[in-house]
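Hi everyone, thanks for coming.

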Amino acid sequence: MGLQPWHWLMIGLLLGIVELLLPSFAALWFGVAALLTAVLVWLMPMGLTAQVVIWLILSVLACALWFLLVQPRIKTRTKAGLGGATIVGEVGMLVRAIDADGLGVVRFSVPKLGAAEWQCRTADGQPIAVGERVMVSAVMGNELIVAKK
């Protein structure tokens, strides 16, 4: 004779509570598997070995589904704290023209590396008018090297 469905239900709830104390999303999937095992044992009574095997299989499936399908979609996409090279390829709009002195200001719709506006210049010293869209081609100190998009 195996465990009763309510045993699996309690195990699942306890693992859910443990997850509240240890926010790692590890115990949660074992708890979900225990709740699903409770439903299966309620629908089809089975021995303890079969119950444990089903719980293990469901645990592996729940963890795999989480790490393969769900987690990649909710990862933080911030680039704060990363190297300046992460801004290369981003497109912004000039809010101060790059004129004869070679220095202008580019604004991004979403802040990049903690700032929405950056000083910029072109690699060849060519002027670019206000309102033009530019793409970052390199980072030089605290300035961006941009090219007309």
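Let me start with a quick one: is E143 buried or exposed? It's buried, with a relative accessible area of 16%. The cut-off for buried is under 20%, so E143 makes it into that group. Before I go on, keep in mind that this is a predicted model.

Now, who does E143 meet? Its side chain forms a salt bridge with the side chain of R121, at 2.7 Å from N to O. That pair links distant parts of the chain, with R121 in strand β3 and E143 in strand β5, which covers residues 143-148, and the two are 22 residues apart. R121 itself is partly exposed, at 24% relative accessibility.

How many salt bridges does the count come to? Four. I'll show you two others.

One of them is between E117 and R107, whose side chains come to 2.1 Å, again N to O. E117 sits in strand β3, residues 115-122, and R107 sits in strand β2, residues 104-112, so this pair ties together parts that are ten residues apart in sequence. On accessibility, E117 is partly exposed, with a relative accessible area of 38%, and R107 is partly exposed too, with 43%.

Then there's E132 with K148, where the closest N and O atoms are 3.9 Å apart. Here E132 lies in the loop between β3 and β4, and K148 in strand β5, so the pair ties together parts that are 16 residues apart in sequence. K148 is exposed, with a relative accessible area of 54%, while E132 counts as partly exposed at 28%.

I keep mentioning strands, so let's look at how they're arranged. Five strands make a closed barrel, in the order β1-β2-β3-β5-β4, and the pairing is mixed. On average, neighbouring strands in this sheet are turned by 55° against each other, if you ignore direction. Take β2 and β3 in particular: they run antiparallel, joined by five bridges.

Okay, on to the aromatics. A pair of aromatic rings is described by the distance of the centres and the angle of the planes. How many aromatic pairs does a search of the whole structure find? Three. Let me take you through two of those.

In the W8 and W55 pair, the ring centres are 6.1 Å apart and the planes are at 35°, so we call this pair tilted. W8 is in helix α1, residues 5-21, and W55 is in helix α3, residues 48-74, so the pair ties together parts that are 47 residues apart in sequence. W8 is buried, with a relative accessible area of 3%, and W55 counts as buried at 19%.

W55 has another partner, F30. The rings of F30 and W55 have their centres 6.1 Å apart and their planes at 45°, so that pair is tilted as well. F30 lies in helix α2, residues 27-43, and W55 in helix α3, so here the parts being tied together are 25 residues apart in sequence. F30 is partly exposed, at 32% relative accessibility.

Conventions:
Residues numbered from 1 in each chain as written. Predicted model: local features only at pLDDT ≥ 70, side-chain atom pairs only at ≥ 80, totals over all residues. Heavy atoms only, no water. Helix = DSSP H or I, 4+ residues; strand = E, 2+ residues; numbered from the N terminus. Buried < 20%, exposed > 50% of the residue type's maximum accessible area, 1.4 Å probe, protein only. Phe/Tyr/Trp six-rings, centres within 6.5 Å; stacked < 30°, edge-to-face > 60°. Pairing = 2+ DSSP bridges. Axes fitted to C-alpha atoms, helices over the stretch in contact; angles between N-to-C directions.
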